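Let's take a walk through this structure together, one part at a time. Keep the sequence and the 3D view open as you read.

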Amino acid sequence: MAYSKEHDRKLRKRYAAEKRFQLYGKAALLLALLFLIFFFYDIIKTGYTAFSQAEIRVEVTFNEETLQMPNRAVAKEYRDVLSRGFLRILPQVVEEHPEYMNTTQTLWVVAKGDVDQYMKSKPNRLTERETEFVNRLKEGSDIRLAFNTGFFTMGDSKMPEIAGILSAAIGTIYVLIITMVLSVPLGVMTAIYLEEFAPDNKFTQFIEVNINNLAAIPSIIFGLLGLAIFINFFSVPRSSALVGGLTLALMTLPVIIISTRAALRAVPESIRHGAYGVGASPWQVVWHHVLPVSMPGILTGSIIGLAQAMGETAPLLIVGMMAYIPDAPTGITSATTVLPAQIYTWSATSLRPYVERTAAGIIVLLTVLLALNFTAIWLRNKYERKW
């Protein structure tokens, strides 16, 4: 009887411990979910207003005098509420629309940042006179909030109302293409050699341990490596897409090698034995049987590795890709920046309109990263084979 009571007590204790463990797990999941919801709520709430921009309807005069002195292109009372960025690009407007020359056109022109913030009911630095003028424009329907196409079609600017992500987005595409071209073939071939052909000896084990270690070291170390090797030794242009892509390729290689080896290991040995049984060579076994079966896993690992590279900032800051670069790059050796570095630069700016643009940039970056991850999951589920 005593044994039975002691047994029941221990059993109840084990069940209680199991319930506590499940409760801790559910609490951790709930906490993580709440943090995620708060993060997305805060980012979207802060950033969605950047996708609209205040514009003012104004008469703009185009002639030789106003091209030389752009301030005279609009009436005096408008000069303090319009973006100086528009007045600076008057010659460009005439090049795109030569029929405007020697005419006066009524156009919707981008308002300056503080007017934009006032229209969105956000803190601003408008004077009392400027506020009264903007209110009169509102009463006459001469000011509006329109979709901010400039955010997607213009580069960085010191004036937040005309700052966009185009140059950073193009730079990101350049860097990702270079990273993909270098890291995916090299990583997959390395993984195939180590998994299918390399002898199991001390040297191979040493290489494998170092690859695993490289996948876990902080990304900024790869930035220092890129600075020492590519810029200081090989004299690759600083701040270029080429040095950024090379640096990120170094960082992504271990991830692709490890994920590719895992995909190759998941292929059943019976497939290899069957191919050897009909006289296939080792390379034919890999090329015709192992690689096609493991391709979904390889693609998934490669896409996730590239998505991780796309979101990296630290190594690119080390190789000089956080400079103010308003124009889109014209080649892989041109000075460029990338989207994460652009967001970092805006976040460090004190002007309030950059706050919503920083959040909007994060929304765009997250959308692309989530799309890449969903693509990886879709590829894995679509082509996955089960035995």
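Among the residues lining the second largest pocket, nine are charged, six nonpolar and five polar. Here Ala, Val, Leu, Ile, Met, Phe, Trp, Tyr, Cys and Pro count as nonpolar, Asp, Glu, Lys and Arg as charged, and the others, Gly among them, as polar. A pocket is an open set of points on a 1 Å grid over the protein atoms alone, where a 1.4 Å probe fits, with protein on both sides within 12 Å along at least five of seven lines; lining residues have an atom within 4 Å of a point.

This is a predicted model: local features need pLDDT of at least 70, side-chain atom pairs count only at pLDDT 80 or more, and totals for chains, interfaces and linings use all residues. Residues are numbered from 1 along each chain as its sequence is written, and side-chain values use heavy atoms, leaving out hydrogens and water.

Back in that second largest pocket, the volume is about 370 Å³, meaning the space filled by probe spheres set on grid points joined across faces, edges and corners. Its lining has 20 residues, and Lys112, Gly113, Asp114, Arg125 and Glu161 sit closest to the centre.

Now hop over to the largest pocket, with about 830 Å³ of space. Look for Phe86, Ile89, Val110, Met154 and Ile162, which lie nearest its centre among 35 lining residues. This lining splits into 18 nonpolar, 10 polar and seven charged residues.
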